[in-house]
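Here is a friendly walk through a two-chain model. Keep the viewer open as you read, and turn to each residue as it comes up.

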Amino acid sequence: MRTLLTLVLTALVGLALAQPSGTLRLYTSQPEADAAATVAGFNALHPDVRVEVFRSGTEQVISRFLLEVEAGSPQADVLLVADAPTFELLKARDLLEAYVSPEAAAIDAVYLDPDGTYAGTKILATVIAYNTALVTEPVTTWADLAALPAGSIAMPSPSYSGAAAYNLGVNTRDDRIGWAWYEALAGADVLLFQGNGAVLRSVAGGEVPYGIVVDFLPIRASLEGSPVGVVYPDEGVPVITEPVGIVAGNANPEAARAFVDYLLSEAGQQVAVDMGYMPLRPGIAAPAGFPDLADLMVLSADAADLAATRDADKERFATLFGE
Amino acid sequence: MSFARIARRVASPAGLALAGLVAVLLFTNALPLWRLVERAIDVDALRWLIENPQARRASVHSLRVSTLTALLATALGAMSVFLLERLALPGRRGLRLLLLIPLIVPPQILTIAWLGWLGPAGTVTRAAQSLIGAPRPPWTLYSEWGIVLLLTVFALPVAYLTLTAGLQRLPRSVEEAARIDGANVLTLGLRVVAPLLRPYLLASLVLTFLAALGNFGIQALLGIPARFITLPTLIYQRITSFSAGGFAQAAALALLMAIPALFVLWLQVRLNRRSDAVESQLDTPLRYPLGRWRWPAAALAWTLLGGFVTLGPFVSMLLTALTRAYGLPPRLENLDLRHFTFVLMELDAFPRALQHSLLLAGGAAVIAALMALALGYVLTRSGQRGIPLQLLVDLPYALPGIVFALALVLTWLQPPIPGLRLYGTVWLLLLAYVGHYLAFALQPLGAAWRQVDPSLEEAGRIDGASTLQVLRHVLLPIMAPTVLVAALLVFLNAFSELSISALLAGSRAETLGWLVFGLEQAGNTNQAAALSVVLVAVLGVLGLIAAGVRRWARASVGPAPP
């Protein structure tokens with residue numbers, strides 16, 4: 001009897017030890033409500049971890065984190081922000097810890113860092129949005145978009161938006177798009193904005209008929225009733241993945257790894273779907289309004305290569321558009 | 001001065017107060033600025049600054065829009081003050097409140113409201129377009145003029161409040177004497193009142209210049225589409241490039257902004273030297289009757305100031321908040337209260353953020369006003385020697401919020417006082433607000449001190465009163481109304497602060513501005529607008545309560561100063 005009790009107790013203690021606990025400091029660019037849902041889903045699996053969230057724009061989050069690093073005491077254990085190129089910059093400075101989650105096996109390697117320092121968590125495709133009150137038959141290709149009359153298009157500026165800078169790198173490496181396409185846009189008096197939110201507002205508000213914007217914004221707006229529609233152009237779409245990465249030398253590696261596992265797991269991907277994002281784990285249905293992952297034609301390029309030419313690309317764009 | 005004498009001076013109540021003041025100023029302003037200087041002293045960054053054509057272009061643009069804004073806002077502010085504080089204009093109380101709205105709404109949301117009013121698809125633009133039958137909008141807000149217009153709207157309440165503080169202290173006998181001598185209203189305004197208000201006019205010019213120089217929201221929303229780069233947008237670009245030298249470049253640019261700020265302050269001190277002390281009396285304000293011009297004047301003031309500048313954009317913001325989804329025409333079937341329900345009932349962080357913002361803005365207002373009361377006294381008596389101190393106070397306000405916030409990160413990540421951990425707490429925000437908005441309190445109070453005749457103090461001393469007694473019975477009663485205006489300026493600005501909060505608000509340290517920023521960023525423009533309307537409503541209710549308390553106090557105590 002006593003041995004049995006000891007055995008049970010040992011097993012219980014062992015279980016408790018395996019369960020991550022303590023505090024996990026998360027820096028994220030997820031909107032307030034989404035961040036809360038993400039944390040709630042994680043806590044349902046790991047109730048003993050207290051997640052402290054700092055949330056703001058990707059730009060604010062990363063610049064605060066980088067300054068903390070420079071000052072010698074980073075305050076984040078896990079980062080969850082918009083795009084892979086940002087993580088490439090962090091990786092190049094040895095700020096990330098490699099961790100290959102067992103859950104990553106189910107995910108297309110395109111969305112994972114080969115060295116395991118970060119992994120995508122969802123699909124955010126850049127598409128054409130149009131105002132349904134101004135446009136009845138929308139264009140279906142990037143090429144036709146650039147041939148529209150002057151003053152018809154709004155897009156985020158790569159000088160201010162990390163996602164737009166990523167798109168610039170990918171698009172200019174594609175034979176069918178390339179710099180010629182951006183030169184055509186520059187001639188068409190494109191309205192440049194600081195970010196995707198402003199582009200959606202400009203299109204939905206009727207300032208311009210078309211916008212180049214990350215897909216979930218117009219899809220959500222259209223579900224709520226805004227006069228916007230979405231086109232996934234024939235040539236394909238550049239995709240950012242809101243990756244997650246573990247900070248090198250963090251205070252709670254166990255909880256940090258559990259958090260990465262959770263985001264890539266079926267449960268975590270379902271939470272993303274419930275928030276209205278497209279999952280990147282095959283076999284999980286996309287939310288209403290999105291195409292299926294299998295039907296998506298993704299334009300991509302080597303992440304390290306993109307990071308290498310990022311500054312030069314941005315500068316060429318700024319000169320071309322007279323910024 | 002012997003050591004004993006210095007020791008006695010420091011040990012006196014005034015000396016102690018001053019020492020405390022300097023200590024606070026060290027942490028709110030001096031240390032963060034020093035961290036920026038440290039970063040900016042970098043050969044590569046400085047070379048970039050000199051060689052980069054963008055930096056040159058941004059500087060020229062920034063100087064141009066800030067100067068134009070300062071001149072326009074102060075001129076319009078002076079006109080508004082005359083209309084609302086000197087003429088018996090019907091409905092002036094309502095107008096006065098309306099005029100403050102642009103100060104309460106975060107600049108980003110204010111700009112979106114104006115885009116709905118005068119933007120490419122705005123109400124006025126559409127009407128004008130169909131009126132003249134033009135195929136394209138006849139103007140665009142995405143331009144240098146659009147930026148100047150919006151910055152002026154944003155700075156107008158600042159100019160108005162600063163100038164009101166001056167007018168309150170102007171003895172009516174001066175104006176009455178001029179009137180008896182046969183001066184008409186125009187001569188009176190230009191030849192008599194304006195010279196007497198000079199310190200306040202200069203204070204208004206300085207404040208509106210700095211406000212325009214450091215504003216990021218308006219310049220980003222209108223300037224990026226216009227491809228009109230300014231210092232705040234370039235600084236933001238450098239910081240968020242996340243490249244190795246990015247922050248050093250941003251710090252160098254931030255220090256570049258100190259040059260115009262320094263020049264403006266030097267000019268202010270020079271021009272102020274000739275200003276006269278006014279024997280201040282607190283009497284009932286003068287109001288000129290308008291006679292049969294009463295109603296036409298009121299109609300004009302309401303249409304231009306109330307309707308075009310404030311109500312139009314505000315109604316456009318209200319409609320955005322009421323519209324089911326962004327971009328739908330504001331027809332009845334598209335309107336409902338869902339965004340208000342969301343903000344008030346479902347947004348968990350709202351009650352916390354409201355509480356934080358009220359406490360932070362209130363705390364910052366009280367601390368900054370008291371600090372500025374003392375600083376203003378010291379600075380007035382020190383002339384040009386005071387410029388460095390004045391710059392220390394004004395520079396954090398001239399810097400874009402993101403730079404100042406990052407400087408605070410560098411200052412407080414490793415506490416400068418061991419054990420004092422403020423990072424990630426609301427207390428760091430309080431510190432940030434005091435440092436950032438102290439300039440708002442100092443300018444009107446500095447101007448007020450300049451008009452206090454030193455003979456008042458001397459008379460008190462001769463009568464045997466101690467420093468504290470002179471302060472309490474002679475100086476404070478004169479200064480009290482200006483202290484209130486200064487506190488109000490800080491409170492209104494800090495209440496919906498956005499750029500600093502977006503970087504420093506930590507876990508459970510939310511503020512209203514941070515909340516607005518988050519909604520806006522997630523693409524929920526309607527909800528951001530609803531929250532902004534709620535902010536205006538909360539302050540409106542607070543304002544009514546304050547007015548009620550004042551009236552009640554006046555009724556129970558008898559006639560009191562206005």
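## A bridge between the chains

Which residue of chain B forms a salt bridge with Glu70(A)? The partner is Arg39(B), and the closest N and O atoms of the pair are 2.2 Å apart. A salt bridge here is a side-chain nitrogen of Lys or Arg within 4 Å of a carboxyl oxygen of Asp or Glu.

Before going further, please note that this is a predicted model, in which local features need pLDDT of at least 70 and side-chain atom pairs count only at pLDDT 80 or more, while totals for chains, interfaces and linings use all residues. Residues are numbered from 1 along each chain as its sequence is written, chains are lettered from A in the order in which they are written, and side-chain values use heavy atoms, leaving out hydrogens and water.

## The interface

Contact (heavy atoms within 4.5 Å) joins 53 residues of chain B to 52 residues of chain A. Together the two chains bury about 4,700 Å², with 53% of it on carbon and sulfur atoms. Buried area is the accessible area, taken with a 1.4 Å probe, that two parts lose on being put together, summed over both.

On the chain B side, Ile224(B), Arg227(B) and Phe242(B) supply 18% of the area buried against chain A, more than any other three residues. The rule finds two salt bridges across this interface.

## Salt bridges within chain A

Over all chains, the structure holds 21 salt bridges. One of them pairs Glu52(A) with Arg50(A) at 2.6 Å, N to O. Buried means under 20% relative accessible area, exposed over 50%, and partly exposed in between (1.4 Å probe, protein chains only). Glu52(A) is partly exposed because its relative accessibility is 25%, and Arg50(A), at 45%, is partly exposed too. Asp174(A), which meets Arg176(A) in a salt bridge at 3.1 Å, N to O, counts as buried because its relative accessible area is 14%.

Lys91(A) and Asp115(A) also meet in a salt bridge, at 2.8 Å, N to O. This pair links distant parts of the chain, 24 residues apart: Lys91(A) sits in helix H4 (residues 84-92) of chain A, and Asp115(A) in the loop between strands E4 (96-97) and E5 (118-119). Helices (H or I, at least four residues) and strands (E, at least two) are DSSP runs, numbered from the N terminus. Together with Asp113(A), these two residues form a network of salt bridges.

## The nonpolar cores

A nonpolar core is a set of buried Ala, Val, Leu, Ile, Met, Phe, Trp, Tyr and Cys residues joined through side-chain atoms within 4.5 Å. The largest one has 280 residues, and those touching the most other members include Trp181(A), Tyr182(A) and Leu504(B). Helix H21 (residues 426-450) of chain B gives the most to this core, with 17 residues. A second, separate core of 17 residues includes Leu66(A) and Val247(A).

Leaving aside neighbours within four places in sequence, Tyr182(A) has contacts that include Met155(A), Asn167(A), Phe317(A) and Phe321(A).

Which residues of H10(B) are buried? They are Leu188(B), Val193(B) and Leu196(B).
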